[in-house]
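Here are my notes from going through this one. Have a look at the model first, then read on.

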Amino acid sequence: MSAQMPVTLYACPPSLFSGKVRSYLRKAGIPFEERLQSHPDYAGRILPKVGRFVIPVLETGDDIVQDTTEIIDYLEDQHPAPLLVYPEGPRQKVISLILEMFGDEGMLRPAMHYRWNFPEENDYFISMEFGRFMKADASDEEAYQLAAMPKAAMQKYLPGLGITDETIPAIEHDYEALLAALNAHFLKYPYLLGGKPTMADFGLYGPMYAHLARDPAPEMLMKQTANRVWRWVERMTAPGPDMPEFPDMERRTLPDDAIAETLVPVLKLVGGSYGPEVAALVGFVNQYLDQNPDIESGDPVITDTNRRVLGRITIPVGDTEIPVGARHYSLWMLQRVHDCYDALSGEARNAVDSILQENGLSAFVSHRMKRRINRINYTEVWA
């Protein structure tokens, strides 16, 4: 891919994963055209190739790439001036991958809760957003009508994500604690690992931007209680470094593979709130594999296209044990952490072990699936 080759992003503003890729394109200085799913080329070219209605999708030349991580990896590999979103230091790289996974998967509960459980503040905005990405020139009344079905469908996902009356207090407590920890960090640093964005930033930005800094209720919570987090969202939305508050900071991750002391509370919150879910998910999938020994290489992980999860797992949310969907995509993300960790040895692995143990993150390397998951032709399949 040359720097001049046209890049088209099929996405939409309220989409969590669209925000992650859009931010990367801007930070990498890659010119692109964004189109909604309602654009005729999506139905004419993209949908037949990808096989399902999904965003974001990147089209460049003859290539069509789907999935935020694969899109960013593709662009890093193809572009003549990559952003280098994976730190070279082993500690920073492993932490970056864990935080990307946490943003993509572990932040779904607060993102969905704050979008759908505050109708008085959010409904008009969400209805306009959903209605107009379905039909860009829709009137307000038409947008409301168009948005009714996807709004109802999305709200049905909440119990499967563990969002119930019993868990909402814990979800809000954990999110507010995360905001406070991030707010303290962004007083000292413009990005999670220092003076430039990494995959950690892009992963966390997805939910923080699309749901939590745009939807009216969580937007005001962020602006009024964690303004530096909102400023980081603004920084991640802008092209270029956008860090005038830090004029003397080098535009690189911290030297000597360091992890900022101010990031430690964030890491501990990630380990405490998301680590148990990772452990439960791996245990469930290993049991599933034991019960289904006839699975062949290349078989889709989900054979029923109407389902999104393999089954149910029970996880702690606050003081409550609740059933949630077993999201196999989380395990594909977890493998990336494992692959990075397994390539280490000697002092590098010891250094990573230390920071994981100190911050309650060991579950991300100690819990292993008995079989890998690959992505082939835009679908997760068993290796």
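This is a predicted model: local features need pLDDT of at least 70, side-chain atom pairs count only at pLDDT 80 or more; totals for chains, interfaces and linings use all residues.

1. Everything below is computed from it, side chains included.

2. Start with helix 2, residues 40-50. Which of its residues are buried? They are Tyr-42, Ile-46 and Val-50. These three span an arc of only 40° around the axis, so they sit on the same side of helix 2.

3. The other side of helix 2 carries exposed residues: Pro-40, Ala-43, Gly-44 and Pro-48. As for what the buried residues pack against, it's strand 1 (7-10), strand 3 (57-60) and strand 4 (63-66).

4. While you're there, check the residue just after helix 2: Gly-51 has a positive phi, about 90°.

5. Next, helix 12, residues 264-291. With 28 residues at 1.5 Å a residue, helix 12 should span 40 Å, and its end C-alpha atoms lie 39 Å apart, so the two values agree.

6. Where does helix 12 bend? Look at Tyr-274, where the bend is about 45°. A proline, Pro-276, follows within four residues of that point.

7. On to the cysteines. A disulfide covalently joins the sulfur atoms of two cysteines. How many turn up when the whole structure is searched? The count is 0.

8. Two cysteines to look at for burial are Cys-12 and Cys-340. Cys-12 has a relative accessibility of 2%, so it counts as buried. Cys-340 is buried too, with a relative accessible area of 11%, because the cut-off for buried is under 20%.

Terms used
Residues are numbered from 1 along each chain as its sequence is written. Side-chain values use heavy atoms; hydrogens and water are left out. Helices (H or I, at least four residues) and strands (E, at least two) are DSSP runs, numbered from the N terminus. The expected span of a helix is 1.5 Å times one less than its number of residues. The bend at a residue is the angle between axes fitted to the seven residues ending there and the seven starting there. A disulfide is a pair of cysteine sulfur atoms within 2.5 Å. Buried means under 20% relative accessible area, exposed over 50%, partly exposed in between (1.4 Å probe, protein chains only). The arc is that of the directions from the helix axis to the C-beta atoms. Contact means heavy atoms within 4.5 Å.
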